[in-house]
Amino acid sequence: MSDTSSELATTPLYDLHLELAAKMVPFAGYNMPVQYPLGVKKEHLHTREKAGLFDVSHMGQIVLRGPGAAEALERLVPVDIVDLPEGKQRYALFTDPQGGVLDDFMVSNFGDCLYLVVNAACKAQDLAYLQQHLADDVELELLDDRGLIALQGPLAAEIMANLAPETADMVFMDSQRVQINGHECFVSRAGYTGEDGFEISMPAQAAEPMVRSLLSHKAVEMIGLGARDSLRLEAGLCLYGHDLDADTTPIEAGLSWAISKPRRADGARAGGFPGAERIFDQMANKSYARQRVGLVGEGRAPVREATLICDEQGKEIGVVTSGTLGPSAGVPIAMAYLDKQHAALGTLVFAAVRGKQLPMRVSKMPFVAQRYRRS
Amino acid sequence: MSQTPVELKYAASHEWARLEEDGTVTVGITDHAQEALGDVVFVELPEEGDNLAAGDEAGVVESVKAASDIYAPIAGEVIAVNTLLEDEPETVNSDPYNDGWFYKIQPDDVSELDNLLNASDYEQQCADDS
């Protein structure tokens, strides 16, 4: 072990990862499993075929309490928080005054509080930002004494129902508190793979027993960050810091669906979030230069992050922000930001890889069909 | 535990080289290297007729998570490449020393093989690195 790894934070499942012979890497200040002995490709395929179990305890879990909590959070995001039904969660974004995205996160309404799950790398910054912008009557709590796991894949629901029968009735984006083995858990029917599945937050000391119990099912394998990345990329989901950042608006990122109707320019509670003017202008007038697209390679070579994309004349028109060979897609897949005039579906573009121009086509995302349980 | 056949020579950059009876040298990447890379999804090989110097970049091997350059262990002309790897790059994982070979070289000077590591020195290097 090097000295640097001892300075990294660990999750409540750290000892179990070592016991399972995971390859550990530093990620967002945590010592995290990038893969297990199964390997990235098999872990990926296993999740799509059966059920994969992920340790995502590095992510930030935050609770907001108080009568003004929903109104206060709503002033920071272009999302309808005030009318988020109890028992539901929504995808949300913190925007800055230029409309850039400071972080993306999930928010659940538990009735007496709001529960947020934010990116690990943005956790400290998000907390400071919330502290600064929430009124004094909103109580803010970082739940740093809890674990968070995700169970994803076509068999996830059946396995989850054994653990907590009431989860069988949940549909995509339902989110509720559930007692599991005497522990208060937060369960949402969502995830980051494009598959049906759940995310489960539990007290730290309950994490390892629950994971061992889930792993006792033959269909469940532990899945590392490597496969988590290829799974989310096939599902067309952005990774903050790569496909989404403070220099990018939700509109450029193709996330206009995340701007709730009541918060839009013609909505009942229009605007009132940082960067609204720029975001509305971009929505109304397409006044942006580049946008996020999906690319599919016509050859076999993976096209990685930071690869430049050119048009047929060799002129630079954009850059790749995430890319790999999709284990389920079976082809090179990537997300890129391209000049708007080259972003139409089917456009032939070229990736500059090791002195070659590899042909790729602008393609719709997700690259692999999502299989959420919507009803 | 990685396999390191004693009859091969090894570059510090994790390629193996095998002197064949006809005086050509076959090159691939080691078992240790394929294990470290993980599932290989793409291999870019040199072209037949390429003249490589020892240490020249001779291609790229890519796994789901990363790309890694491969280097020529000795100087010479590339006389054959393993086209099987275009369609079945995973052969590098399953059989790194036989069906997973990368290319064959007609060496400029076969004695350059003596500059490479033997199996035990290579194993020692891998142990020191980890």
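**Entry 1: Basis.** I note that the model is predicted, that local features need pLDDT of at least 70, that side-chain atom pairs count only at pLDDT 80 or more, and that totals for chains, interfaces and linings use all residues. Residues are numbered from 1 along each chain as its sequence is written, chains are lettered from A in the order in which they are written, and side-chain values use heavy atoms, with hydrogens and water left out.

**Entry 2: Chain B against chain A.** I looked up the contacts (heavy atoms within 4.5 Å). Chain B brings 13 residues into contact with 16 residues of chain A. In chain B, the residues that lose the most area to chain A are Asp39(B), Val64(B) and Lys65(B), together 41% of what that side buries. I then looked up the buried area, which is the accessible area (1.4 Å probe) that two parts lose on being put together, summed over both. For the two chains this comes to about 1,300 Å², with 48% of it on carbon and sulfur atoms.

Entry 3: A salt bridge requires a side-chain nitrogen of Lys or Arg within 4 Å of a carboxyl oxygen of Asp or Glu. I find four salt bridges across this interface. In one salt bridge, Glu44(B) meets Arg354(A) at 3.2 Å, N to O. On the side of chain B that touches chain A, strand E4 (40-44) and strand E6 (57-63) each give two or more residues; strands are DSSP runs of E, at least two residues long, numbered from the N terminus.

**Entry 4: The two domains of chain A.** Chain A is divided into domain 1 (1-287) and domain 2 (289-375), with bounds that come from an automatic or database domain assignment. Their centres, taken over C-alpha atoms, are separated by 25 Å. The contact takes 31 residues from domain 1 and 27 residues from domain 2.

**Entry 5: Area between the domains.** I record about 2,500 Å² buried between domain 1 and domain 2 of chain A, 50% of it on carbon and sulfur atoms. In domain 1, Phe172(A), Leu233(A) and Glu234(A) lose the most area to domain 2, together 27% of what that side buries.

**Entry 6: Salt bridges between the domains.** I find two salt bridges across the domain interface. I also looked up Arg290(A), which forms a salt bridge with Glu252(A), the closest N and O atoms being 3.8 Å apart.

Conventions. Helices (H or I, at least four residues) and strands (E, at least two) are DSSP runs, numbered from the N terminus.
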